[in-house]
Amino acid sequence: MKIGIVCYPTFGGSGVVATELGKALAEKGHQVHFITYSQPVRLDFFSENLFYHEVAVSDYPLFDYQPYELVLSSKLVDVVKYEKLDLLHVHYAIPHASAAYMAKQILASQGINIPFITTLHGTDITLVGKDPSFEPVITFAINNSDAVTAVSESLKNDTYKNFPNVTRDIHVIPNFICLDEYKFDNLKCHRKMYAPNDERILVHVSNFRKVKRVDDVLRIFNTVRKKIPSKLILVGDGPERGNIEKLCRELNTCDDIKSLGKIVNPEQILAISDLFILPSETESFGLAALEAMAARVPVISTNSGGLPEVNINEFSGYLSNVGDIEDMAKNAIKILKDDATLNAFKTNAFTQAQKFDIHKILPLYENLYNSLLVK
Ligand code: GMT
C-alpha cells in the first residue's frame, strides 16, 4: 500500500504515534509518505519505503496568520497525485481532518478517489477541540472521514459527548509500543550517575503543559523523599517550566531533582528509573505511561480519561483521583518500600505493556486500511 501520513512533527504523543506507525508500516513493506511542516522528531532513520514531504508556508506580510490548512490541502493533492497514494491517514483532527477533506474533494473533481482516516488523539477533542469556535468544522470533518479511530474507549466516549452531532462509528485502536526498542545493557552504571547512593529514581516525562500538573509531581516527590531516599528526573519542557523551577526552590528539593529538558528517545532514562509519575488532569491514553511500563517502570497516575485502560490499579501501578497528591505519594511509597514489592510491580508493568505490543496493534490499522480500499 502507498500511505500518506499527516501529523504534528513535534514531541507530542500524536506525532510520536504517527511516526512510529509509519516506521512500522514501512518495515512491513508499505510505502509511507509523511506530509508535515518539518521532519518528525522520531523519524530518525530512512528506509527505501519512507518519504518526507515538507509543507512550506510562505511568509507574506498580508498574513498575520499563515493559512497552513490551505497549503497542507494543496500539498496533499500534489503528493496523492504524483506519488499515486492509496489512502491518507491524518493524526489529530485540527486542522488535519478538514485539510484532508478539502484535498479529497479537489482530487474527486479530477477523477481521483482517495479515502482518508482520521485518528483522534486527545486534546483535539478534550481541550483545544472543545472550544466552540472549532465545533462545526471538527464535527463535519469527523463525519466525512472515511474512517475514524480514537486511541481509547474513553476518548471515543468524550468525542460523542463533546460533539453531539458526530454520527460516525469510531473504532478504538489503542496506542502501541515497540518493545524491541526497550532492551538495554549497562543500566547499573548509568543509574549511578543519577542515584550515587542507590536512591530510588522517580521520573516524569511530559510537555510541561498545565494539563500535566507537574507541580503535583514535585509535591508527591517531596513526600516520598522524606520516607525513602530518592531522586527525581524530569524530562521534557514547556510553559510550566518556570513555575516548576520556582516550586522546586520553595520546597527545597532542587538538589534531588535533575531536569534533562527535551529528549528525543527517553527509553534509556526510563530504563534506569523505578517509578513513573503522571498526575495529569486528563489524558486520552497516556503514551508516556506506556513507554515507562515498556521499560519495566510501574506508574502512579490519576484515574482520568483513558489512563485506567493503560495503567491497572494495584498491578502495573496505582490510580488516584486528580489532585489527590497524598494518595499518590502513599501509593508511591507502597511500591518503593522494598525491593521485592518494587520488582513485582516492575514485572507487572512490563506484562501490561506487552498488551500494547506494536505487532498486535499494527494489523488493526492494516485491516482498517484494507477495508477502505476494497470498497
Ligand atoms: O499530551 C499532550 O499534551 C500531547 C498530546 C498530543 O496530541 O500529542 O497527547 C495526546 O495524544 C497522545 C497520543 O495518542 C496520548 O497518549 C495523550 O494522552 C494525549 N494527551 C492528552 O489527552 C492530554
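Predicted model: local features only at pLDDT ≥ 70, side-chain atom pairs only at ≥ 80, totals over all residues.
A polar contact is a pair of N or O atoms within 3.5 Å.

**The ligand and its contacts**

The ligand is surrounded by 18 residues. Ser14, His121, Lys212, Glu283 and Ser284 are the closest.

| Side chain | Ligand atom | Distance |
|---|---|---|
| Histidine 121, N or O atom | oxygen | 2.7 Å |
| Lysine 212, N or O atom | oxygen | 2.7 Å |
| Glutamate 283, polar atom | oxygen | 2.7 Å |

How much of the ligand does the protein bury? Taken alone, the ligand exposes 490 Å², and the protein buries 95% of that.

**The site around the ligand**

The ligand takes up the space of the largest pocket. Its shell holds 11 polar residues, 4 nonpolar ones and 3 charged ones. Where does the ligand lie relative to domain 1 and domain 2? Domain 1 covers 2-176 + 358-373, and domain 2 covers 179-356. Both give residues to the shell, so the ligand lies between them.

**Two backbone features**

Most peptide bonds are trans, and most residues other than glycine have a negative phi.

Proline 95 belongs to helix 3, residues 93-108.

Lysine 84 sits in a loop.

Technical notes:
Residues numbered from 1 in each chain as written. Heavy atoms only, no water. Near = heavy atom within 4 Å. Polar contact = N/O pair within 3.5 Å; in protein donor to acceptor, adjacent residues only side chain to side chain. Areas by Shrake-Rupley, 256 points an atom, 1.4 Å probe, with all protein chains shown as cover. 1 Å grid on protein atoms, 1.4 Å probe; cavity = no way out; pocket = protein on both sides within 12 Å on 5 of 7 lines; lining within 4 Å. Sits in = over half its atoms within 2 Å of the grid points. Nonpolar A, V, L, I, M, F, W, Y, C, P; charged D, E, K, R; others polar. Domains from an automatic or database assignment. Helix = DSSP H or I, 4+ residues; strand = E, 2+ residues; numbered from the N terminus.
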